[in-house]
Structures are given as structure tokens and as C-alpha cells.
Amino acid sequence: FKRKVRYATFSPCGQYIAVTHGKHIQVWFAPNHLRKEFSPLILHRTYTGQSNDVVHIEWSSDSSVLVAASRDGTVRIWTTHTTRDYLPVTLSGHKTAIVG
């Protein structure tokens, strides 16, 4: 990674790894551990929209939804894949920074 990673977590299905870079989250395809060859990480998607550093990431049990908590007191909810008519949800109103 080109910048410091604050938090990283594998999806429950094992297909993705999500990492935080300041205000951004990147989801990468995880290398296949069954293949005995070099397998670089391939970027799946970058999520933006937090106004401060992301401090924690959680996956839904089926790996279809990603939730990110930020120091700005918000939680954002995204889908792993593009979903028609879905807009990311922001949960706000926390008085202090959210700690993972």
C-alpha cells in the first residue's frame, strides 16, 4: 500500500480485504491461498465520503455490506457491489469520535 493503513479486515467470505487510508476505504480482491504462485492484490472498489479518518470497518455476515466508523462521529454503510437505486447511508449524531 502506498499510504499508512489504519485498519484492515478480511470479508467473511474470504474473497476481499478492506483497508482504511485516512478518509478512504479500499476493497481489494484477496489473493487465492490455494494457488502456489504470485498473486498481486487487485483493487475492487474505493469508498469515499467520510470527512475524517476511518477508524473501524465491519462486514455483514454475507460480505455484501461494508460499514465504516469515522472520527467525525458518523457511520457510513456501503454495498460491496453496485446495487441499483442504492445510495450509501450515513448515520450521524454521535457527540464524540467513534472508536472501533
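Tutor: What follows goes from the sheet to the core, and then to a few single residues.

This is a predicted model, in which local features need pLDDT of at least 70 and side-chain atom pairs count only at pLDDT 80 or more, whereas totals for chains, interfaces and linings use all residues. Residues are numbered from 1 along each chain as its sequence is written, and side-chain values use heavy atoms, with hydrogens and water left out.

The sheet is open and is formed by four strands in the order β1-β2-β3-β4, with antiparallel pairing. Strands here are DSSP runs of E with at least two residues, numbered from the N terminus, and two of them pair if DSSP finds at least two bridges between them. At the edges stand β1 and β4 (42-47), each with a single partner strand, so one side of each is left without a neighbour in the sheet. From one strand to the next the twist averages 20°, the axes being lines fitted to C-alpha atoms and the angles running from 0 to 180 degrees between N-to-C directions.

Within this sheet, β2 and β3 run antiparallel and are joined by six bridges, and Tyr16 stands opposite Phe29 in β3. The two strands β2 and β3 form a hairpin with two residues between them, and Gly22 in the turn has a positive phi of about 60°. On to the next pair: β3 and β4 are antiparallel over five bridges, and Phe29 has Ile42 in β4 as its bridge partner.

The largest nonpolar core has eleven residues, namely Tyr16, Ala18, Ile25, Val27, Tyr47, Val54, Ile57, Trp59, Leu66, Ala68 and Trp78. Such a core is a set of buried Ala, Val, Leu, Ile, Met, Phe, Trp, Tyr and Cys residues joined through side-chain atoms within 4.5 Å, where buried means under 20% relative accessible area, exposed over 50%, and partly exposed in between (1.4 Å probe, protein chains only). At least two residues of this core come from each of β2, β3 (24-29), β5 (54-59) and β6 (65-70), and β5 gives the largest share, three residues.

Ile57 belongs to this core, and, not counting residues up to four places away in sequence, Ile57 touches Tyr7, Thr9, Ala18, Val19, Thr20, Ile25, Leu66 and Val67; contact means heavy atoms within 4.5 Å. Thr20 lies in strand β2 (residues 16-21) and counts as buried because its relative accessibility is 0%. With residues up to four places away again not counted, the contacts of Thr20 include Val54 and Ile57. Thr9 lies in strand β1 (residues 8-10) and counts as buried at 18% relative accessibility; leaving aside neighbours within four places in sequence, Thr9 is in contact with Tyr16, Ile17, Ala18, Ile57 and Trp59.

Two loop residues complete the picture. Thr80, in the loop between β7 (75-79) and β8 (89-91), is buried, with a relative accessible area of 1%. Beyond four places in sequence, Thr80 touches residues including Tyr16, Tyr47, Trp59 and Ser63, and the C-alpha atoms of Thr80 and Tyr16, 64 residues apart along the chain, are separated by 9.5 Å. Ser63 is placed in the loop between β5 and β6 and is buried, with a relative accessible area of 5%. Most residues other than glycine have a negative phi, but Ser63, although not a glycine, has a positive phi of about 65°.
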